[in-house]
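Hi,

Here is the structure I promised to pass on. Have a look at it first, and then read my notes below.

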Amino acid sequence: MNLIILEPGDFVAPGRVRLSGRRQQHIQQVHRAAIGDTLRVGLLDGDIGSGQISDLSESGIELQVEFQSAPPAALPLTLILALPRPKMLKRVIQHATALGVKKLYLINAYRVEKSYWQTPWLAEDKLREQCLLGLEQAVDTRMPQIELRKRFKPFVEDELPEVAANSLKLVAHPVTEAPCPVDLPEPATLAIGPEGGFIPYEVEKLQEQGFAAVHLGPRILRVETALPVLLSRLYPGR
Ligand code: SAH
């Protein structure tokens, strides 16, 4: 937790917050903080600043907080991700959030197992938890927006044109001619397939919407590896 994220309900007075539970435990057990120590804090969807511990007991921690700087700029990218299996889903959501993705569509594809859609990790509060972990890791405060789309074709045909409007449209696909471009000057919409890959029909459907298939070299990577490699190629230094 490189950033303690604060929400409006944490404030007991202007500039004063009281924390208990997971954040308190982390501050006491990992930071081993004492009264007078200063920690980095951020307001959810707001600015980043510092918090000085003014009180610390079994029942909670109080911090005097002030905010000085804006969070890092969002990545100018919309991510379209075939729903990964639950264990991978949690990690991928955290990584995507830590890398600055603010708009993410989890979609169905032929090689997404039906059972993956039943996982409790897709519940709104569970997804939010994973996003918070990613924000805390990356020292960012802006919560990503995650949308679930259980039907591939209606999503791609009816919704994607607007979702991807005015952006460079790319689908990461191992067996293709074009290498992934580097350092884009413009926003992008990037589709990443399931562990079994997109089937040819799905790649064609995306191509019909203007998506270009691009590869990352001859090695086939896991989704959780392909994601950071793709994002750092498309937007190095962001
Ligand atoms: N089994 C599939 C690979 C799936 S890898 C096959 O053999 O084709 C899962 C997803 O990660 C892919 O759909 C793609 O979006 C991305 N990916 C993994 N390695 C990649 C590479 N070398 N180039 C481009 N995309 C890749």
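Let me start with the ligand. One of its nitrogen atoms lies 3.5 Å from a backbone N or O atom of glycine 196, which counts as a polar contact here (a pair of N or O atoms within 3.5 Å). An oxygen atom of the ligand is 3.0 Å from a polar backbone atom of glycine 193, and for histidine 173 a polar backbone atom sits 3.4 Å from a ligand nitrogen. On its own the ligand would expose 560 Å², and the protein buries 87% of that (accessible areas by the Shrake-Rupley method with a 1.4 Å probe). In total, 18 residues surround the ligand, the closest being Ala172, Gly193, Leu216, Arg219 and Leu221; to be near, a residue needs one heavy atom within 4 Å of the molecule.

Before you read on, a word on the source: this is a predicted model, with local features needing pLDDT of at least 70 and side-chain atom pairs counted only at pLDDT 80 or more, while totals for chains, interfaces and linings use all residues. Residues are numbered from 1 along each chain as its sequence is written, and side-chain values use heavy atoms, leaving out hydrogens and water.

Now the sheets. Helices (H or I, at least four residues) and strands (E, at least two) are DSSP runs numbered from the N terminus, and two strands pair if DSSP finds at least two bridges between them.

Going through its pairs:
- S1 (residues 4-6) and S4 (residues 38-43) run parallel, joined by three bridges, and leucine 6 is opposite leucine 43.
- S4 and S5 (residues 48-57) are antiparallel over five bridges, with leucine 39 facing glycine 51. Their hairpin has four residues between the strands, and aspartate 45 takes a positive phi near 60 degrees in it.
- S5 and S6 (residues 60-69) are antiparallel too, with nine bridges; serine 50 stands opposite glutamate 66.

The other six-stranded open sheet is parallel, ordered S9-S8-S7-S11-S10-S12. Which strands stand at its edges? They are S9 (145-149) and S12 (212-214), each with a single partner strand, so one side of each lacks a neighbour in the sheet. The twist averages 25 degrees from one strand to the next. S8 (residues 103-107) pairs with S9 over five bridges, and isoleucine 107 has arginine 149 as its bridge partner. Helix H6 (residues 223-234) lies across S7 (77-82), S10 (168-172) and S11 (188-192), at about 160 degrees to S11; contact means heavy atoms within 4.5 Å.

Last, the aromatics: there are two pairs in the structure, where rings of Phe, Tyr and Trp (its six-membered ring) pair if their centres lie within 6.5 Å, and planes under 30 degrees apart are stacked, over 60 edge-to-face and the rest tilted. Tyrosine 105 and phenylalanine 155 have ring centres 5.3 Å apart and planes at 40 degrees, so this pair is tilted. Tyrosine 105 belongs to S8 and phenylalanine 155 to helix H4 (residues 152-163), so the pair ties together parts 50 residues apart in sequence.

Cheers

Terms used. Axes are lines fitted to C-alpha atoms, for helices over the stretch in contact, and angles run from 0 to 180 degrees between N-to-C directions. A polar contact is a pair of N or O atoms within 3.5 Å; within protein, one must be able to donate a hydrogen and the other to accept it, and residues adjacent in sequence count only if both atoms are side-chain atoms.
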